[in-house]
Amino acid sequence: MVELFAAIRRDSRIEGLSVRALARKYEVHRRTVREALTSAFPKPRKKQPPRRSRLDPFKPAVDAMLRADLDAPRKQRHTARRIFDRLVAEHEMEGISYATVSDYVGWRRAEVRREAGREPAEVFIPQTHRPGADAEVDFGEAWVRLAGRSTCCCLFTFRLSFSGKAVHRVFASCGQEAFLEGHVRILLRPEHWLNPRLHPAVQLARVLRDTLSRDRSVRSRHGAT
């Protein structure tokens, strides 16, 4: 979805396509196009309420067995098969397959251990970016008509992490010189000089520009290509 949103925003900005035209081109609803033009990242999907399972009435019994296993010797802990047999024999469970019980035991066992503090809790670190502080750079392929022939070129992409805005440059190769020149061409654009957050990056781009100029001058004097 992120790639789709980026393509929609690029076509809207560069080609000036309307919402209807973008929806037709990418075969999506116009609501999706409007969402992409509003934000570079799609909204997180709403979590659906968990579906009821025939195993629900027996889950407390399974959880109790798994909690009892926390202090039991390894060889005396319940396997999924043992739990299934006990549910049938002691709780009169019928019409529920072993696979259903085994799947529940498989993920619930780890949760019970975490709840009891026996395993590290799952931690999610949200990724945040300050305006103008971070950017991502990569090369991709772009096919163009050059002198009447289909030619594969290297597409340099510079994307600001906060806004998702991307700038592209096309090169014949994806070597170090193209990598550095891509930064120079993008960061030395006049609008970046007015953004105080990008001043360090602009200063770096000027150093890269001077380095590239000296390198090309040396190669020119020695007849190198």
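A: Let us start with a loop: A147 is found in the loop between β1 and β2. Strands here are DSSP runs of E with at least two residues, helices are runs of H or I with at least four residues, and both are numbered from the N terminus. This is a predicted model, in which local features need pLDDT of at least 70 and side-chain atom pairs count only at pLDDT 80 or more, while totals for chains, interfaces and linings use all residues. Residues are numbered from 1 along each chain as its sequence is written, and side-chain values use heavy atoms, with hydrogens and water left out.

Q: Is A147 buried or exposed?

A: Buried means under 20% relative accessible area, exposed over 50%, and partly exposed in between, with a 1.4 Å probe and protein chains only. A147 has a relative accessible area of 77% and is therefore exposed. Its phi is near 55 degrees, a positive value in a residue other than glycine.

Q: Which loop residue between α2 and α3 should be read in this way?

A: E27 is found in the loop between α2 (19-26) and α3 (30-38). Its phi is positive, about 55 degrees, although E27 is not a glycine. E27 counts as exposed because its relative accessibility is 75%.

Q: How many bridges join β1 and β2?

A: Two strands pair if DSSP finds at least two bridges between them. Strand β1 (residues 135-146) and strand β2 (residues 149-160) pair in the antiparallel sense over 12 bridges; F158 in β2 is the bridge partner of V137. The two strands form a hairpin with two residues between them, and A147 lies in that turn.

Q: What does β2 form with β3?

A: β2 pairs with strand β3 (residues 166-171) in the antiparallel sense over six bridges. These two strands form a hairpin with five residues between them, and G164 in the turn has a positive phi of about 80 degrees. In β3, V167 is the bridge partner of F158, and F171 is that of C154.

Q: What is the order of the strands in the sheet?

A: The open sheet of three strands runs β1-β2-β3, with antiparallel pairing. β1 and β3 stand at the edges with a single partner strand each, so one side of each is left without a neighbour in the sheet. Neighbouring strands are turned by 25 degrees against each other on average, direction ignored. Axes are lines fitted to C-alpha atoms, for helices over the stretch in contact, and angles run from 0 to 180 degrees between N-to-C directions.

Q: Which helix packs on the sheet?

A: Contact means heavy atoms within 4.5 Å. Helix α7 (residues 176-187) packs on the sheet and touches β1, β2 and β3; its direction makes about 60 degrees with that of β2.

Q: With which residues is V112 in contact, leaving aside its neighbours within four places in sequence?

A: V112 lies in helix α6 (residues 98-115) and is in contact with L66, R67 and L70. V112 and L70 are 42 residues apart in sequence, and their C-alpha atoms are 8.6 Å apart in space. V112 counts as buried because its relative accessibility is 3%.

Q: Where is R13 placed?

A: R13 is in helix α1 (residues 2-14). R13 counts as partly exposed because its relative accessibility is 43%. R13 and L37 are 24 residues apart in sequence and 9.5 Å apart in space, C-alpha to C-alpha. The side chain of R13 reaches the backbone oxygen of A166 at 3.3 Å.

Note on methods: A polar contact is a pair of N or O atoms within 3.5 Å; within protein, one must be able to donate a hydrogen and the other to accept it, and residues adjacent in sequence count only if both atoms are side-chain atoms.
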